[in-house]
Amino acid sequence: MSARTARLTALARVARLTGARRRQWDARVAMVVAAIETDGNGSAARTGLGGLASELERGGVRETWLALAVLGGALPGSELVVRVRRRLELDGGWAAINEILAARAKIRHQGTVEVSLAHHLALIDVSGLVDGSIRLVGRGAAIATVRQWSQRPEARLVVWTSRGDNLRPITAAEAAHLDVDAPVGRADEILVPWQSSYLLAGIVDDPDRADRAIALGVYSGNGGGTLGFGLDPVLNAEDEAYYNGPRRYAWHLAVARSLPRLVAGSTRAGLEYQGWKRMLPAVGLDGPDIRVVAFPLRELRSSPDWAAATDTAWIHLIG
Amino acid sequence: MTTTAVRPSSSASGGAASRAITHAQRNRLATVANAILGDDGTVPDRSLDDYDAILWYLGKLCDRVVLERRDDELWLLFTSLAGAMPGESDMEKGIDARSRFTGSEFMDWIIAASSAPAVWGGGADSAMELVSDRPVVDVNACARSDRHTGIQRVERETIPRWNAAHDIVVVAWTHRDGAYRSLKEKERARVFDWHTAHTVDSAISGEETHLVVPWRTRVVLPEVPSARQSTRLRALARFSGSDIVLIGYDLIPLTSPEYLPKDSGPDFLGYLGVVKRSAVIASISESAAEEFRGLVDAMLPQQLPAPKVVSHPLPVDIPSNAWDETLVANKDLADAQQGLPVIVCVGSHEPRKNHLAVLHAAERLWRDGVNFELWFMGGGGWGTYFDVRVKQLKRRGRRLVVRKAVSDRVLWDAIRRARFTVFPSLHEGFGLPVAESLSVGTPVITTNYGSTAEIAEAGGCMLVDPRDDAQLEAAMRSLLYDESVFQQLREQAISRIFTRTWDDYAVELWDVLVNSAGEGAR
C-alpha cells in the first residue's frame, strides 16, 4: 500500500466515525501526540492524524505501544505491537494508523470507557489481592506492603478490568476491602501508564492479561518490577495443575521476566527466583534484577522494621 | 464396606467379569506375596477358591505391611490389589493407616482404598509381571501414536538400540493411565520397526496385555507424561523403591508459555513434580541442562534429594542419501528456483519459530531490489499471522514457497539447494535444523543464544538476536551480497564434521541414565 493510499484509507476510516466516537477519537489522538511531545521527542510541527503519523515514524516502539494502548482502547499484546511496528517500518505512519484502527474496530466497548494517561506515577497492580480468589503465596504480606506503599503520593492502585484488556483504578469498595486510604476511580475509567512504573504486587496468571502485561514490560518504556513471595505454585503444582483452567503461574512469571526488577520477600523466595533466573538464558533473557528483602514476621507488620522493609522494596522496584 | 474382593455374583455376564477380576487379583497377590514373603507367601491349601485365597494373601501381606512399615511393600500391595498404581495421596493415607491400624483393620482399609483405582485404573482384570531386575522404559506416546516429531524420533532411534544390546522392558499405560502394561504387537512395531512398519493403524484394540509393575528398579522416561500419569509416577518415585531417570528436552512451558497454545501447560506442571523426584536428567543440550539446573536450584529450599543433571546433546546423524546430488526430490521447487539464490527456513509455523520476523526481513530486502527466493519447509503449527502475511506477500509477487508436508527427501534436497538457511527461533531445546544444514555444508543464520548458539560455536553460522529485525535483515543481506562472508561461512560449514551417531548417543545415554543413575552430585 502506498503512503498516499494508506493516508486516504485512514482518513476515510476516521471519517466514518461520527458523533461521540469521533470526538473520543480526536481527543485520544491529541492525548497521544501531546504525551509524545511532552516526552521531548515530538516535533509539534503538525497536529491531528498527520501529526500522529509523523510522531509514530519519528518515535520508537514505545510510542507505537502508547498509540495502540490509547487509540486502540486496550493495552496491546506483544504480537500486535510488533506487527504494527513492522507495518510502520515498511509502509509508514499512515499504514500504522490503519492497523491501529483495525485493532480498535475489534474492541466493542470503546464508547464505554474513559482513557487517562498515568504520567509519572507508580501503578501498583493488586489483581488477585482484592478479590482473594487466587491462591497466592504471601498474600497477606503483599497486602500489608501495598497498604504502606499506597501512602506515597505517586502510588495508584490498579486492577485489570473484567474484560482483562486494561488497567483501571481500584474502586472505593476495593480500597475498603484492602483497608487502604488511596485514590480510587470508577470501573469504566482506564489508566495507561506513560513514563511511569508498573509494580506487580498481585498476580497476573491468565494468558490474555499476561500477554498484555508482558508487552507493557517489554515495549512501553515504563519501568517497574514484581513483588514476589516464591515459586510455590510451580514447584508444588502437583495435582492442582490440572484443575486450574487456563491460569498458569508460568504466565505470571513471564510477566515478572519482562519487568526490570524483582523483590523477593524472603530468603527462601530469593533462592527460588535465582533458580528461575538461571533458566532464562535459554530464551535469551537475563531476567529481572533480584533483591531479597526479608519481610518481618506477620506479628511485626505494624513495626518500624516492616515499614523499613517496604521502603527498601519500593526503592528497589522504582529504581 | 464396598470391596474389590467380592464373591462372584450369580448373574451371568456380571459374574464372569467379577470372576475374572477376582482370579486376576489372586494371581497378582500371589506374585507379590512371593516377592515380599518368600516361602511364607505360598498359600498352604491350593484348593482354596479365589476369594478365600485373596483373603489369605491379604491377611499375610497386611500383617507384614503394618509390622515392617516399608513404603515399597505398601506401594506394591496397593498396586497389585487395585491393578493400578497409587497416587501420592493414596500412599500418604496408607502410611497413616498402617501406623494406626492392626493388620486386620489395615486389610479393611486397603480393600476400600483400592476399590476406586481398581474400577477406573484399567487393569483390575489383568495379569501382572513384577520387574525388579531390568530397567522399565515408558514409551507410551511413541507406541500409541504415529506422530513422529522430535521426542518420538529420539525414542525410535534410541530404544531399539537399547533393546538390541540390553535386557529392557518397554511399557505403555492402561486405558485410564492407571498402571503400566505390556505393548501390543503393533505398538512394538511403532517403537522398534518405525522405519519399515510405520504405516500401522492408529487404532489398536483387542489384543491382550498384562500389567508391568516396576519395583526396586529403574524407570526411564524418554517422553513427557500426562498429568494423570504424573500423579502415579511421583508416588512411584517416592515410595516404590524404584527411581526415575529421564531425558530432559526443555522447559518451554515454564519459561516461555507465550510461545505455546494458551490452553497448554497442565501436563507439564504435573511433569515438573516428576522431575523434582527424579534421580538423573539427561538433557539434550547444555542450554536445556541449564534450564533444568535452574529448576533444581529453585527446588533446593524444599530439601529434597536433587536430581543429577547431565548435558547429553543429541547426535546429528545424517541419512546416507542427504548428500546425493542426483536426488531431485521436488520438481516444483527446482522449477521455481529459476537460478535465484534460495533461502530455506525449516520448522513448523508457530510463534516460537519466529517466521514472521523472517518474512519481515525478506520483505525489506525485496523492497530494496534484492532478488532471492524464500522457501518455508515444515508443517503443522498453530494460530499465527503467518498464513495471512504469506498471502499478502505473494499478492505482491514475492518469490515465496511454503511447503507444509514435506518428506525427508524433499527437505534434504531443499537444504542442499539453499544458499543458506535461516533459523531464528526464540527458544529451542536443541535446534536440529541448524545442525542438519551445517552437516550438508549449507551456512545458517540462527539465534545468538541457547542451544542454537552451542551448535554454531564451531563455525558455519551467523548469529543474530532473533528479536532484532534489523540484525536479521542485515545478516540475510550480508549472506546474499557479501561473497567473502558467504564463502567463509560456507567453508566452515563444509568443514563441520558431525561424527556422533544415534549408535553413539544410545550407548552414552545408557551409561548416563542406567549405569550411573544416582551416582555423584549434579
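Me: What's the strand order in the open sheet of chain B?
Reply: The open sheet has 6 strands in the order 12-11-10-13-14-15 (chain B), with parallel pairing. Strands (E, at least two residues) and helices (H or I, at least four) are DSSP runs numbered from the N terminus, and two strands pair if DSSP finds at least two bridges between them. This is a predicted model, where local features need pLDDT of at least 70, side-chain atom pairs count only at pLDDT 80 or more, and totals for chains, interfaces and linings use all residues. Residues are numbered from 1 along each chain as its sequence is written, while chains are lettered from A and ligands numbered from 1 in the order in which they are written.

Me: OK, which strands stand at the edges?
Reply: Strand 12 (400–403) and strand 15 (461–464) of chain B; each has a single partner strand, so one side of each is left without a neighbour in the sheet. The twist averages 20° from one strand to the next. Angles here run from 0 to 180 degrees between N-to-C directions, and axes are lines fitted to C-alpha atoms, for helices over the stretch in contact.

Me: How many bridges link strand 14 of chain B to strand 15 of chain B?
Reply: There are 4 bridges, in the parallel sense, and strand 14 covers residues 444–447. Thr446(B) has Leu463(B) of strand 15 as its bridge partner. Helix 21 (residues 469–481) of chain B packs on the sheet, where it touches strand 10, strand 13 (420–423), strand 14 and strand 15 of chain B. The direction of helix 21 makes about 160° with that of strand 15 of chain B. Touching, or being in contact, means that the C-beta atoms of two residues, placed from the backbone, lie within 7 Å.

Me: And strand 10 of chain B, how many of its residues are buried?
Reply: 5 of its 5 residues, which are 342–346, are buried. A residue is buried if 20 or more other C-beta atoms lie within 10 Å of its own, exposed if 12 or fewer, and partly exposed in between, with C-beta atoms placed from the backbone. Val342(B), Val344(B) and Val346(B) point one way, and Ile343(B) and Cys345(B) the other. In general, side chains in a regular strand alternate between the two faces of the sheet. Strand 10 pairs with strand 11 (residues 373–377) of chain B over 5 parallel bridges, with Trp375(B) as the partner of Val344(B).

Me: Which residues touch the most other members of the largest nonpolar core?
Reply: Val344(B) is one of them, along with Val32(A), Leu123(A), Ile124(A), Val146(A), Val255(A) and Ile244(B); the core has 248 residues. A nonpolar core is a set of buried Ala, Val, Leu, Ile, Met, Phe, Trp, Tyr and Cys residues joined through C-beta atoms within 7 Å. Helix 2 of chain B gives the largest share, 8 residues. Leaving out residues up to four places away in sequence, Val32(A) touches Leu52(A), Leu66(A), Ala67(A), Val70(A) and Leu71(A).

Me: Back to helix 2 of chain B. At what angle does its axis cross that of helix 5 of chain B?
Reply: Roughly 110°, and the axes of helix 2 (residues 50–68) and helix 5 (residues 103–113) come within 8 Å. That makes the two helices of chain B roughly perpendicular. Angles of 65 to 115 degrees count that way, under 35 is roughly parallel, over 145 roughly antiparallel, and the rest oblique. Helix 2 brings residues including Leu58(B) and Cys62(B), and helix 5 brings others including Phe106(B) and Ile110(B).

Me: How many residues does each chain put into the contact between chain A and chain B?
Reply: Chain A puts in 32 and chain B 40. Helix 12 of chain A gives the most on its side, with 8 residues. The side of chain A divides into 20 nonpolar, 3 polar and 9 charged. Here Ala, Val, Leu, Ile, Met, Phe, Trp, Tyr, Cys and Pro count as nonpolar, Asp, Glu, Lys and Arg as charged, and the others, Gly among them, as polar.

Me: What's the secondary structure of chain A?
Reply: Chain A has 13 helices and 9 strands, and 53% of its 319 residues count as buried. Strand 1 (residues 114–119) and strand 5 of chain A pair in the parallel sense over 6 bridges. Val115(A) stands opposite Ile190(A) there.
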